[in-house]
Amino acid sequence: MDASGDDPTPHTPTRLRARTGILLSAATTLIAAAAPASATTAAPTPTPAPVVLDCFNKPQTRPAEYLLACGDGNNRLVDLHWNTWDHNTATATGTDMVNDCRPYCAAGRFRPYPVTVTLSHPQPWPDHPNTHRYTTIRLLYTHTTPTPTPKDVTYKLVYDTPDTP
């Protein structure tokens with residue numbers, strides 16, 4: 001500086017740009033620090049795919065086998081190969097092993113029937129708020145069917161009993 005108090009070095013464009021950059025950087029930092037925490041958006045938690053409940057009310061995903069006749073065990077899906085398992089439906093191919101109950105069930109033979117399986121209609125599972133369960137199962141027999149079952153049949157999978165007072 002000279003005796004007049006004036007700076008003999010003129011402000012160069014480079015110095016002005018540097019000062020402007022520093023000021024803008026400081027302003028940005030202050031604005032970011034002052035923003036409320038609620039302004040940041042968290043990614044939503046993905047909802048897990050639905051489950052299918054077995055005879056013991058245990059959740060299953062892509063089971064290799066599934067017991068249809070919980071009471072007597074005379075109808076079981078085996079060798080299930082799942083093609084899809086998503087938030088709307090699950091599809092598989094496999095074999096429905098059905099007891100012919102001839103002359104009676106204890107003496108009957110299990111017979112194989114190729115089948116396509118579709119699980120659908122997921123609904124919230126009571127007492128498990130973050131879990132949905134498939135509520136219907138559709139069996140489409142691809143060759144013969146067990147007598148007297150139709151070629152295409154749909155069953156309800158949910159057997160909730162109403163609460164008793």
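Asparagine 75 has valine 98 in strand 5 as its bridge partner. The model is predicted, and local features need pLDDT of at least 70, side-chain atom pairs count only at pLDDT 80 or more, while totals for chains, interfaces and linings use all residues. Residues are numbered from 1 along each chain as its sequence is written, and side-chain values use heavy atoms, with hydrogens and water left out.

Strand 4 and strand 5 (residues 90-99) pair in the antiparallel sense over 8 bridges, where strands are DSSP runs (E, at least two residues) numbered from the N terminus and pairing requires at least two DSSP bridges between two strands. Both belong to an open sheet of 6 strands, ordered 3-4-5-6-9-10 with antiparallel pairing.

The model holds 1 cavity of 30 Å³ or more, a cavity being a set of points on a 1 Å grid over the protein atoms alone where a 1.4 Å probe fits but cannot get out. The largest cavity contains about 40 Å³ of space, with volume taken as the space filled by probe spheres set on points joined across faces, edges and corners. Two or more lining residues come from each of strand 4 (75-85) and strand 6 (110-120), and strand 4 gives the most, with 3 residues. By class the lining has 9 nonpolar, no polar and no charged residues, nonpolar meaning Ala, Val, Leu, Ile, Met, Phe, Trp, Tyr, Cys and Pro, charged meaning Asp, Glu, Lys and Arg, and polar the others, Gly among them.

Technical notes
On a 1 Å grid over the protein atoms alone, a cavity is a set of points where a 1.4 Å probe fits but cannot get out, and a pocket is an open set with protein on both sides within 12 Å along at least five of seven lines; lining residues have an atom within 4 Å of a point. Helices (H or I, at least four residues) and strands (E, at least two) are DSSP runs, numbered from the N terminus.
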